[in-house]
Amino acid sequence: MNGADAIVASLAKNGIDICFANPGTTELALVDALDRTAGIRSVLGLFEGVCTGAADGYARMLGRPAATLLHLGPGFANGIANLHNARRARSPILNLIGDHATWHLPFDAPLASDIRSLAMPVSGHYAYLGTAQLCVEDTMQALGASKSGMISTVVIPTDVQEHEFGELPEVPTLPPSALAACDGERIETSARMLRDRKPAIILLGAGAMTSAGQKTAAAVAALIGARVFAETFPARWDRGGDTPVIPRFPYFPELAMATLKDAECVLLVGTRAPIAYFGKTGLPSELVRPGTRVETLAEPGDDAEQAIMALARALGAAPLPPCTVSVPPLPGPGQRLDASVMAQTVAALMPERAIVAVEGATTTPVFFTAAAAARSHTVLTNTGGAIGQGMPVATGAALACPDRPVLNLQGDGSAAYTIQALWTQARERLNVVTILCANKSYGVLRVELERAGMNPDAPVPHRMTSLDDPALEWVGLARGFGVPAARAHTAGDLAGLVRAALSQGGPFLIEAVMS
């Protein structure tokens with residue numbers, strides 16, 4: 001057994017069952033170890049951002065770490081954007097990065113880089129395994145940190161990977177991780193505030209956005225006359241079926257401030273107090289009105305579901321009658337596709353327990369309204385705003401939950417960042433239907449230009465936001481990556497293709513041409 005064997009075996013023993021990889025020369029021993037270790041599925045991504053985004057989607061759905069295997073600093077750098085999103089989602093991920101042999105580093109080879117400086121902004125834990133004797137111990141520390149809800153990054157020089165042990169290193173078994181429980185003082189303080197200060201807003205983070213958490217929050221709100229909102233970009237959101245319809249907190253600061261202006265208190269359940277997504281002259285960064293009381297029932301990463309349930313018991317909130325499914329009707333088949341028609345069609349046709357990865361700032365927000373009371377489903381959003389997240393996250397979610405259909409509602413601008421994910425979907429035969437909303441522009445940037453009083457159709461802004469010169473050939477691109485694809489211009493086209501794609505299984509891409 002060498003160092004790579006010891007590291008990989010220790011991960012397999014402690015629950016790592018998948019590795020999203022794009023390895024190179026400095027990871028050869030780790031690749032060999034993966035080949036000799038039972039229990040870890042190796043999945044190749046053609047781009048490191050696909051690997052890190054897929055690890056994020058996998059972790060969100062199963063709540064346990066996925067591993068990535070990346071090549072030196074440049075390879076890791078290619079994956080940082082989706083690690084940024086994963087950090088915002090509090091997804092547990094363990095990055096393994098090969099490095100030059102310790103004795104080769106002083107010569108500053110062409111691929112040598114400062115990996116630590118690259119890793120620290122997106123990593124809650126960082127380790128450089130400089131000696132083989134501690135490789136298992138240090139790897140287990142990193143995995144333990146990851147299991148607590150953070151990204152861990154481990155750098156392993158080739159000589160440490162290749163070090164041969166005369167005696168098998170002891171591989172410890174890590175204790176199971178657990179979310180932090182809400183303490184009684186917070187529960188009582190929150191209950192007292194809600195009894196005394198009205199009107200109130202309850203803002204839920206992803207940990208409270210299970211079906212049970214939302215039912216409980218709705219019961220609390222009904223008892224005290226409060227309003228409940230979901231955080232704007234939750235890592236995971238269970239919706240539909242008998243789950244109450246809870247609106248998203250507004251994205252634009254003006255709308256957010258209007259939502260908050262009459263509130264005397266705001267209760268945070270597994271999320272932060274609202275801040276503006278971008279700083280804008282004349283508008284505050286903190287959106288809660290000064291003088292409003294803000295209390296935190298549960299921090300992000302705490303057991304927010306149990307916290308809201310404990311609060312309901314303290315207040316004596318009775319369960320509400322279950323909601324009913326309200327599947328929207330299909331639009332007329334001849335209607336040209338726009339964001340609303342697309343969203344209504346998907347909401348009407350998506351099957352029970354679908355996972356919906358949503359990435360498209362201007363074409364997909366209407367889906368949240370259209371599908372609010374549809375069949376039960378789970379939504380994954382872009383928590384950190386770094387685009388190129390939707391396709392990889394959908395890939396990871398499909399690997400995590402092969403028994404659930406996955407829909408990826410995808411803007412065309414962000415799809416171009418990580419379209420290589422389609423190849424992994426094809427190779428792994430994943431049940432992902434991508435509905436690519438082709439409006440041929442960076443639509444959100446055009447909106448922001450208008451909000452700033454600038455003309456999006458002026459020559460330079462137009463060229464910086466237009467994607468139609470030349471137009472991207474999405475059907476041909478998908479087929480080139482091994483994914484069957486077709487184009488839809490009308491609601492009837494889209495409905496027929498969605499039905500066919502869901503019935504046949506496997507990956508499929510539908511280019512929804514937006515009018």
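The legends below describe several views of a predicted model.

Residues are numbered from 1 along each chain as its sequence is written. In this predicted model, local features need pLDDT of at least 70 and side-chain atom pairs count only at pLDDT 80 or more, while totals for chains, interfaces and linings use all residues, and side-chain values use heavy atoms, leaving out hydrogens and water.

View 1. Helices (H or I, at least four residues) and strands (E, at least two) are DSSP runs, numbered from the N terminus. The C-alpha trace spans about 70 × 60 × 45 Å along its principal axes. Buried residues (under 20% relative accessible area, with exposed over 50% and partly exposed in between; 1.4 Å probe, protein chains only) make up 56% of the 515 residues. Contact means heavy atoms within 4.5 Å. Among contacts between residues at least 6 apart in sequence, 79% join residues at least 24 apart.

**View 2. Helix 1, residues 3–13.** Eight of its eleven residues are buried, so helix 1 is largely enclosed by the rest of the structure. Among them are Gly3, Asp5, Ile7 and Leu11. The buried residues pack against helix 2 (28–36), strand 4 (93–99), helix 7 (135–147), strand 6 (151–157) and helix 8 (158–162). At the start of helix 1, a side-chain oxygen of Asn2 reaches to within 3.1 Å of the backbone nitrogen of Ala4. Gly15 follows helix 1, and its phi is positive, near 100°.

**View 3. Met342 in helix 13, residues 339–349.** Met342 counts as buried because its relative accessibility is 0%. Leaving aside residues up to four places away in sequence, Met342 touches Leu337, Thr363, Leu409, Ile435, Cys437, Leu494 and Met514. Pro484 lies 142 residues from Met342 along the chain, and their C-alpha atoms are separated by 20 Å.

**View 4. The second largest pocket, lined by 42 residues.** On a 1 Å grid over the protein atoms alone, a pocket is an open set of points where a 1.4 Å probe fits, with protein on both sides within 12 Å along at least five of seven lines; lining residues have an atom within 4 Å of a point. Phe233, Gly360, Ala361, Thr362 and Val444 lie nearest the centre. Helix 18 supplies the largest share of the lining, five residues. Strand 9 (237–239) and strand 12 (354–359) are among the elements that each supply at least two.

How values were computed:
A polar contact is a pair of N or O atoms within 3.5 Å; within protein, one must be able to donate a hydrogen and the other to accept it, and residues adjacent in sequence count only if both atoms are side-chain atoms.
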